[in-house]
Structures are given as structure tokens and as C-alpha cells.
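Biologist: Hi, I'm new to this one. Could you walk me through it?

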Amino acid sequence: MTRNRDGLDIALLHGNVMKVLYNKGYDSLISASEDEEGMKFLREKRQEFQWILRMLDQRRTTLLKVGRCLVERQEDFFRHGPKKLKPLTLREVAETIGVHESTISRAVRGKYIGTPFGTCEMKALFVSGVGKDEESASSQGIKAEIMSLVNKEDKQKPLSDQAIAVKLKEQGMSVSRRTVAKYRDQLNIPSSTRRKRYE
């Protein structure tokens, strides 16, 4: 991901990508050969090579489209960090760029994207939402905020799950106490009684 005068953009890095090359010496073999079977075999291999090139180009184009869609849909994340991740599904991106969602899944598998906050897997930008509101906070965003609240809390009076839920609601994240407890467990954060420090 890069920043320019028009905003955010994305580019593919080709540094370590394996290149597929065609030995043009085979063309002279085809033209000089009198062996029909051999000529047929070489022509088929040349067609296979051209097909591979088209598929690789199509995959790069799809990946670039997916990346640009992610940058557009998750702009707040790229500008302000993980707390600003929004709910986004494979289907939404697939419909935006006009392909099947399985194509999106294959395109992002094992791919990474550079952000101002470090490198992350592209699939991490597809997040489930909490609540029915399309603009509701993502589970990752809520987890990041829970972690932030716990890190800033008074260690002699740590925040209960209910208190965290109240603070999240004040920030526009409507989350139940039970959801806070579930996310806290997933983050390996102990309960408030176990976090309390005694002088």
C-alpha cells in the first residue's frame, strides 16, 4: 500500500516472483522439423505456455483489483490502524469486482499487504461484524480496543467486563458483557479480579 497526492493506492511487488520463460529455440525446431508428431507436440507446448502467461496475468490483475478494493473499503484501517477495521466479506469484494467469492479466497490465500502499521495477511482484512448494523465495529477492532482499555486501566481498580462494555458503547461499539468476556478470553486477558494488583 502506498500514499500519493490522490490518497491511497496499491502496487504488486514482483521481486521474488518466479518468472516463466519460453525457449524460442523450439520455434526453429518446429519450422525445421519434418516429424509431424514432434511438430504437433511442440505446438501444443507453445500453446500451453501462452495459456500459462494469460492465467498469471489474470491472477495479477485480480489480485490488484482485490487490493484496491480492500484499500478503498478499509481506508480507515490504513489511515488509523486496526481499531478502525470494518466488517467486510469475501462476497462483498467479489460483487464489487465482478468475480466469484471463491476466486477472491484463492487470490488472497498466502498473500500479504504492507500497511503503515506493519505487514499483514490480506485475509485479515476480511472481518466479521458484531451486531446487525452494516457499519458496526469489526470483531478485530473491538478486540484491539479492549486490549487498549486494559493496557490503560488503573491496575489497582481494573475494569470489569461490564465496565469495558460501557466504555465501548461510549465509543459507538454496542457490545454485550458476554461478548467482551469472550473476546477477552480469546486475547488471553485474565478477568478483572486476576488483573488486580495489590500494594
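**A first walk through the chain**

Modeller: Of the 199 residues in the chain, 32% are buried, where buried means under 20% relative accessible area, exposed over 50%, and partly exposed in between (1.4 Å probe, protein chains only). This is a predicted model, so local features need pLDDT of at least 70 and side-chain atom pairs count only at pLDDT 80 or more, while totals for chains, interfaces and linings use all residues. Residues are numbered from 1 along each chain as its sequence is written, and side-chain values use heavy atoms, with hydrogens and water left out.

Biologist: How many helices and strands does the chain have?

Modeller: Nine helices and four strands; these are DSSP runs (helices H or I, at least four residues; strands E, at least two), numbered from the N terminus. From that end, the order is β-β-α-α-α-α-α-β-β-α-α-α-α.

Biologist: What about Asp-161, buried or exposed?

Modeller: Asp-161 counts as buried because its relative accessible area is 13%. Asp-161 sits in helix H7, which covers residues 161-170.

Biologist: And which residues does Asp-161 touch?

Modeller: Leaving out residues up to four places away in sequence, Asp-161 touches Arg-177, Val-180, Ala-181 and Arg-184. A contact here means heavy atoms within 4.5 Å.

Biologist: Switching to the surface: which residues form the nonpolar patch?

Modeller: Trp-51, Ile-52 and Met-55, with about 280 Å² of accessible area together. Patch residues have over 30% relative accessible area and no salt bridge; nonpolar side chains (Val, Leu, Ile, Met, Phe, Trp, Tyr) are joined within 5 Å, like charges within 9 Å. A salt bridge is a side-chain nitrogen of Lys or Arg within 4 Å of a carboxyl oxygen of Asp or Glu, and the areas come from the Shrake-Rupley method with a 1.4 Å probe, with only the protein chains shown counting as cover for residues.

Biologist: Where is Ile-52?

Modeller: In helix H2, residues 36-73. Ile-52 is partly exposed, because its relative accessible area is 34%.

Biologist: Which residues make the positive patch?

Modeller: Arg-59, Arg-106, Arg-109 and Lys-123. Lys and Arg count as positive and Asp and Glu as negative, while His and the chain ends are not counted; a charge is placed at NZ of Lys, CZ of Arg, CG of Asp or CD of Glu.

Biologist: Why does Arg-109 count as exposed?

Modeller: Because its relative accessible area is 54%. Arg-109 is in the loop between helix H5 (101-108) and strand S3 (112-115).
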